[in-house]
Amino acid sequence: MRTLVLGGARSGKSAFAEQLVASEAVRYVATAVADPSDADFAERIAAHRARRPADWTIVEGDAVAALGESTPVTLVDDLGTWLTARLDARVAWESPRGTVAPDIDALVAAVAGYGQRLVLVSPEVGLGVIPATASGRLFRDEIGTLNQRLAQVCDEVFLVVAGQPVRVKPEGVFASALSDAAAMNSSAAPATSAKALDSAAERTAVQPVSAAAAAATVTGSAEGGAAADPGVGAVDSASGTAAVAASGPDTPVLTKPVRLSFGPVQGPDTAIRAAAEERQLQLTKPAGALGRLEKLGNWVAACQGVCPPKQFERARVVVFAGDHGVARHGVSAYPSEVTGQMVANFLHGGAAVNVLARLADASVRVEDIAVDSDTAPEISRHKVRRSSGSIDREDALSEAEVQAALAAGATIADEEIDSGADLLIAGDMGIGNTTPATVLIAAITDTEPVIAVGRGTGVDDAGWIRKTAAIRDAMWRARPVIKDPVALLRTAAGADFAAMAGFLARAAARRTPVILDGVVVTAAALVADQLAPGARAWWVAGHRSSEPSHTIALQRLDLEPLVDMGMRLGEGSGAVAALPLLRAAIATLGDMATFASAGVSTADADVEAAGA
């Protein structure tokens, strides 16, 4: 995982970059060298040194040389001083642009080829005051070139403004945006057009888009409260392409679909897991006596990067609600109107998941992704459309809508994690949603429909036959895209499934543990693990649903459920029911006395005493 952190002077970019790797042993590559005659600069370097953990290894010198030697975690801070040193070395301050191109090429190549965890800090000069001199303009142009090239090879990019980080990649619109802009502006296009494009592309990347109308609008986040802007970053729901609304004859239009990219995910901290396993042996109990509680506690410690682990302070359930066109064809025992009615029940705290969450010390959030009715404004900010298509005869979504739903899920995960959530649970609500769930699971695992199809909400025999036929037809339609997770969501799932997949993938990418619920959420998890390979390491299965396809999906993910109580409600209820077990695992690992602290003899001590 390669991360680029950009920000203006005194923006907090270095502090944020250090937080990204705070729990790990880091090789810190310091590109700045103190000048004894510059007391202020020396003080700043000293402040940076004081902030770093004592176990970090400090390397001063050229970043390219440092990256030639691979270590588990490397932080380079920052590339502004690196570039300055290269300009000094080549005596290039009065030379034409491109004089340091070989140095930039070498650095980009070193970053692209670096296989371990890497965080780079670089100044975003567009946010700072650059002297209006030849050397100032040279530095601005060269660092801008360097940042753009690094953003292309890095897996994620953050922009830090006033201490507030905003993720602008991995949504991945930059390559498309820039290539389209170049094609349409091969002649001299005004600089303002390029700026408008960059701004719109960034907003399209990080914000969900609503496809409820003919063209969706970009909305602000819950925390930021930005107003909707229908003129920028709109998505054409018919063509599945992102476009910047015209503001003049020179404004470029994006013609390529905006495709999110989550990238591979590193697993929980293996060193911390080993430390937790060792601590389990020191607790006042026979080794392994607490069974799976011990493994769960070790997993939580590895996820948190600390041993003993901390009790969850903000466990959060997010219920993704959406209707499905296939429900109109007799695959469910309930009408679609129930979805909207249950959403209102969630808001009033009357559903099973609300009751269980209160008992487990968790909170519940509901999001309307594709409910086939109007819902409260506060829960429909991320709405993609009203009901997904009937997957047995048409695609569930357009290309633009599936991307909007993935972005919505990723944004919701970001909002929750940024506001302090340390454990996430995805829940579902949607009449007919076990049909697309079974399609996804059966298609991905190559399972015959009659083996995978369950009763869902409790359909009778005739309903089961209709449901099996619909799943068979949807699987036939999904077969050509079975290797493409995004196309599979678009063809055979729905907006709520895509949002859940984006939510789960982003949670894993941000190293946040998740308890999976039943068949619907686990179907989305199968796709999320394809979108972000390795994501499954950040999940634990809360329960086993009575739906037969759920067991098939859990086996594919190699997850063993914590409880098996024949539940099939959804909503996140099974996952929340399992949450107290996870809390128990943390408490036993963190709060039990050790043999030494309690003065309790061990078997080894008895043997030693007998030998004496």
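**Helix α10, then the annotated site**

Mentor: This is a predicted model. Start with helix α10, residues 292-304: its 13 residues at 1.5 Å each should span 18 Å, and the end C-alpha atoms are 18 Å apart, which agrees.
Trainee: Which residues of α10 are buried?
Mentor: Glu 294, Leu 296, Gly 297, Asn 298, Trp 299, Val 300, Ala 301, Ala 302 and Cys 303.
Trainee: And what covers the buried residues of α10?
Mentor: The cover includes α9 (270-282), β13 (514-516), β14 (539-541) and α21. Just after α10, Gly 305 has a positive phi of about 75 degrees.
Trainee: New topic. Which residue does UniProt list for "active site"?
Mentor: Glu 571, and the UniProt entry is unreviewed. Glu 571 sits in the loop between α20 (548-557) and α21 (573-591).
Trainee: Is Glu 571 buried or exposed?
Mentor: Buried, because its relative accessible area is 4%, and the cut-off for buried is under 20%.
Trainee: What does the side chain of Glu 571 reach?
Mentor: The backbone nitrogen of Val 353, at 3.2 Å. Beyond its sequence neighbours, Glu 571 has contacts that include Met 342, Phe 346, Asp 428 and Asp 517.
Trainee: Where do Phe 16 and Phe 158 lie?
Mentor: Phe 16 is in helix α1 and Phe 158 in strand β6, so the pair ties together parts 142 residues apart in sequence. Phe 16 is buried at 11% relative accessibility, and Phe 158 is buried at 5%.

Terms used
Residues are numbered from 1 along each chain as its sequence is written. This is a predicted model: local features need pLDDT of at least 70, side-chain atom pairs count only at pLDDT 80 or more; totals for chains, interfaces and linings use all residues. Side-chain values use heavy atoms; hydrogens and water are left out. UniProt positions are given in the numbering used here, feature names are shortened, and annotations may be inferred rather than shown by experiment. Helices (H or I, at least four residues) and strands (E, at least two) are DSSP runs, numbered from the N terminus. Buried means under 20% relative accessible area, exposed over 50%, partly exposed in between (1.4 Å probe, protein chains only). Contact means heavy atoms within 4.5 Å. A polar contact is a pair of N or O atoms within 3.5 Å; within protein, one must be able to donate a hydrogen and the other to accept it, and residues adjacent in sequence count only if both atoms are side-chain atoms. The expected span of a helix is 1.5 Å times one less than its number of residues. Lists of a residue's contacts leave out its neighbours within four places in sequence.
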